[in-house]
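Dear colleague,

I am passing this structure on to you, together with some notes on what was found in it. Please keep it open beside this email while you read.

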Amino acid sequence: MTQKGKMRLKKSAVRLVLSVLRLLFIGGICFVILYPLITELSTSVMSVQDVYDGTVKYVPKHFTLSHYTEAMRLLKYGSAMLNTIPMAIVISAVQMISSTFVAYGFARFNFKGNNILFLAAILAMMIPPDVLLVPYYLQFRSLSLLNTWWPMIILGVTCTGLKNGLYIFIMRQYFKGVPRALEEAAYIDGAGVFRTLVSIILPDARSMMVTVFLFSFVWTWLDGMYIPVFCSNLDVLPTTIGALENPFANLANAGNTQILAGGLIQNAGIVLVIAPLLVLYVIAQKSFVESVSRSGLVG
């Protein structure tokens with residue numbers, strides 16, 4: 001074999017080793033991420049008998065859906081889903097729109113205190129929601145807005161809801177990377193600031209806005225802080241999910257079998273709650289991946 005052939009063989013071997021290492025690394029990360037979900041799904045369809053059986057690991061011998069039936073009853077799953085979906089859509093849309101306008105102002109207008117206000121919006125994410133919960137509750141109670149969507153909508157409009165600082169940051173990063181020549185051309189043609197934003201800038205920002213919407217939707221769907229307090233009497237998943245702990249409530253004197261059955265019901269309930277989010281991610285995966293990759297590179 002010639003020297004050139006040996007060099008090609010060596011490069012091919014190096015590429016093969018690197019490919020295998022890359023595959024193992026990515027596979028390991030995927031396993032760490034997916035393992036809890038696989039465990040939840042596996043145990044949710046096991047009978048108590050399978051849990052006691054040491055030979056059963058992930059595939060149950062006695063497959064059952066009774067845990068899902070009980071979890072759906074505790075969650076009031078049908079009505080809770082019908083109430084949660086429109087609420088999450090409205091709140092997420094409001095947060096997406098308000099964050100987009102605020103981020104555009106931070107990115108394009110050089111007013112006094114711009115950087116200070118933007119820093120304040122980012123630092124607001126570091127404030128524990130518990131600190132703000134009581135003042136918000138007292139204010140909304142005085143306005144008779146509890147047990148309605150209005151508290152969450154108001155927080156979204158004012159960009160003071162959960163993770164709004166993150167949404168502003170994502171959109172600002174995108175707008176900072178948009179060439180100013182596009183806006184200047186629109187201004188020359190007689191377009192105002194609002195028309196330029198709506199007609200020129202936002203059509204190309206759809207993927208980024210989808211990301212903000214998805215983030216907001218997920219956090220609204222799983223909100224265990226604001227919604228259970230402000231909307232405690234509404235049958236929505238963030239409030240009814242607390243019922244999954246009820247199987248444990250009166251089990252102080254119960255046997256291990258009953259306690260274990262309660263845990264399996266809880267696993268089934270968790271799967272029911274996150275299943276719509278997985279479906280949503282599969283549907284919007286392309287826009288989500290594209291926008292996340294761009295958000296960390298532009299600006």
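Isoleucine 26 lies in helix α1, which covers residues 3-44; helices here are DSSP runs of H or I with at least four residues, and strands are runs of E with at least two, numbered from the N terminus. The model is a predicted one, in which local features need pLDDT of at least 70 and side-chain atom pairs count only at pLDDT 80 or more, while totals for chains, interfaces and linings use all residues. Residues are numbered from 1 along each chain as its sequence is written, and side-chain values use heavy atoms, with hydrogens and water left out.

Isoleucine 26 counts as partly exposed because its relative accessibility is 44%, where buried means under 20% relative accessible area, exposed means over 50%, and partly exposed is in between (1.4 Å probe, protein chains only). Isoleucine 26 also belongs to a nonpolar surface patch of about 1100 Å², whose other members include Phe25, Ile29, Phe31 and Tyr58. Such patches are made of residues with over 30% relative accessible area and no salt bridge, with like charges joined within 9 Å and nonpolar side chains (Val, Leu, Ile, Met, Phe, Trp, Tyr) within 5 Å; the areas come from the Shrake-Rupley method with a 1.4 Å probe, and for residues only the protein chains shown count as cover.

Leaving aside residues up to four places away in sequence, isoleucine 168 touches Ser99, Val102, Ala103, Phe106, Phe118, Ala121 and Cys159, a contact being heavy atoms within 4.5 Å.

Helix α11, with 16 residues, reaches 22 Å from its first C-alpha to its last, close to the 22 Å expected.

Finally, there are 3 salt bridges, each defined as a side-chain nitrogen of Lys or Arg within 4 Å of a carboxyl oxygen of Asp or Glu. Glutamate 70 and arginine 73 meet in one of them, at 2.4 Å from N to O, and because they are 3 residues apart in helix α3, about one helical turn separates them. Lysine 76 and aspartate 235 meet in another, at 3.6 Å from N to O; since lysine 76 lies in the loop between α3 and α4, and aspartate 235 in the loop between α12 (227-230) and α13 (237-240), the pair ties together parts that are 159 residues apart in sequence. Glutamate 183 forms a salt bridge with arginine 108, with the closest N and O atoms 2.5 Å apart, and this pair links helix α9 (residues 180-188) to helix α4, 75 residues apart. Both glutamate 183 and arginine 108 are buried.

Terms used. Expected span 1.5 Å × (residues − 1).
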